Amino acid sequence: MAFPATRLRRLRRTGALRSMVRETWLTPENFVYPLFVCPGDGVRKEVRSMPGVFNLSVDETVKEAREAHSLGVPALILFGLPEKKDEVASGAWDENGIVQRAARAIKAEVPEMVVIGDVCLCEYMSHGHCGVVRSSHGPRSVGAAAREASVVAVKRGGVAKAADAAAAKLAQQPEYEIVNDATLELLAKTSVSLARAGVDVIAPSDMMDGRVGAIRKALDEARFENTPILSYAAKFSSAFYGPFREAADSAPQFGDRRSYQMDGANIREAMREIALDIEEGADMVMVKPAMPYLDVIAAARERFDVPIAAYQVSGEYAMIEAAARNNWIDRDRVILESLTSIRRAGASVIVTYHAKEAARLLS
Ligand code: PBG
């Protein structure tokens, strides 16, 4: 039946009608609030590129947890800024590490709060990569690289440029490697140590192959068979993480994360990542970032029956805050609209720096 019998505007006439037929509801029950825990006492230091987000000492973290809880935010995810960094990420698995201490304090003071532990090594490694780094020499010989580069240069019409191109090609060869299997041991160790400190959910965000299986096994062996895993299954190598790296002081000191985080162009590969993590024992899976990858969330929702989480990352937050500060957008409405879009795409759990603010707006 078409117009004039059908008039979709009839159900948009009043607020009561609109909410009666609303398809997607946002409630704080799905929110996870990220916190950055730092050493010291009474520290509350604002992150320059994330106004409203702070580095918090353990005592301040507890205060923040209490406030979030009182607003109806049920869960936190914790990131740590350790006192010192090294090549084996000691701060990540130290029984007295910064996140372990914060978790114990939060569970003692606000026991109902669900504490999620982000498991990654980048914040604790001196080089800022998510895994163990070993220097490597490219698998190809110098001659092969030069030959390949000169073919390219000749195709472009400049034999003279061949030498330059060969040099450039060699420069592109990574001299280091993020070692997968050696990293798994550290991730497993970190997970067990977090579970011992009272962390309720283990959330690996490193993107090493096989880490969910390794973590599940280690947790089970340590009798944490009831501790769920929320895996950052489809984590894309994204420029939207920029402000986080300032907040967590975790920018890689050389190179980038493209050899382990996913290429943003790939949705089929994202489905494979998710399928593998579920097979290895993930109880929930995450897509990250959120708004630039809503199609990935929707596809995952269609295809898999585990709860889907989405991470509205630091860059998404920073863009909203920056535009709002210029009065270019209506901040409150944009916060709720962006979170609604993530829910509508199919995420049940949403990690967002706006958790407290959104809970306030929804009350
Ligand atoms: C750790 C990690 C990152 C984020 C969450 N866990 C950064 C990264 O991969 O570089 C990003 C979160 C955000 O941008 O808000 N690996």
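How far is an oxygen atom of the ligand from an N or O atom in the side chain of Lys 235? In this predicted model, the separation is 2.8 Å. A ligand oxygen atom is also placed 2.9 Å from an N or O atom in the side chain of Arg 257. For Lys 288, the pair involves a nitrogen atom of the ligand, which is 3.2 Å from an N or O atom of the side chain. On its own the ligand has 390 Å² of accessible area, and the protein covers 100% of that area.

The ligand is located in the largest cavity. Around the ligand there are 18 residues, of which Lys 235, Arg 245, Lys 288, Ser 314 and Tyr 353 come nearest. By residue class, the shell consists of ten nonpolar, three polar and five charged residues.

Pro 289 belongs to the loop between β10 (284-288) and α11 (294-303). Another cis peptide bond joins Phe 3 and Pro 4, with omega of about 10 degrees. Pro 4 is in the segment that precedes α1 (15-20). Most peptide bonds are trans, and most residues other than glycine have a negative phi.

Ala 89 is classed as buried because its relative accessible area is 0%, under the 20% limit. Asn 327, in the loop between α12 and α13 (331-345), has a phi of about 60 degrees. With a relative accessible area of 69%, Asn 327 is over the 50% limit and is therefore exposed.

Helix α12 (residues 314-325) contains Glu 321. The relative accessibility of Glu 321 is 3%, so the residue counts as buried. Its side chain forms a polar contact of 2.8 Å with the side chain of Arg 331. The side chain of Glu 321 is also joined to that of His 354 by a polar contact of 2.7 Å.

Ala 102 is part of helix α4 (residues 98-109) and counts as buried because its relative accessibility is 0%. The C-alpha atom of Ala 102 is 7.2 Å from that of Val 37, although the two residues are 65 residues apart along the chain.

Note on methods
Residues are numbered from 1 along each chain as its sequence is written. This is a predicted model: local features need pLDDT of at least 70, side-chain atom pairs count only at pLDDT 80 or more; totals for chains, interfaces and linings use all residues. Side-chain values use heavy atoms; hydrogens and water are left out. A residue is near a molecule or strand if one of its heavy atoms lies within 4 Å of it. A polar contact is a pair of N or O atoms within 3.5 Å; within protein, one must be able to donate a hydrogen and the other to accept it, and residues adjacent in sequence count only if both atoms are side-chain atoms. Accessible areas come from the Shrake-Rupley method with a 1.4 Å probe; for residues, only the protein chains shown count as cover. On a 1 Å grid over the protein atoms alone, a cavity is a set of points where a 1.4 Å probe fits but cannot get out, and a pocket is an open set with protein on both sides within 12 Å along at least five of seven lines; lining residues have an atom within 4 Å of a point. A molecule sits in a cavity or pocket if more than half of its atoms lie within 2 Å of its grid points. Ala, Val, Leu, Ile, Met, Phe, Trp, Tyr, Cys and Pro count as nonpolar, Asp, Glu, Lys and Arg as charged, and the others, Gly among them, as polar. Helices (H or I, at least four residues) and strands (E, at least two) are DSSP runs, numbered from the N terminus. Buried means under 20% relative accessible area, exposed over 50%, partly exposed in between (1.4 Å probe, protein chains only).
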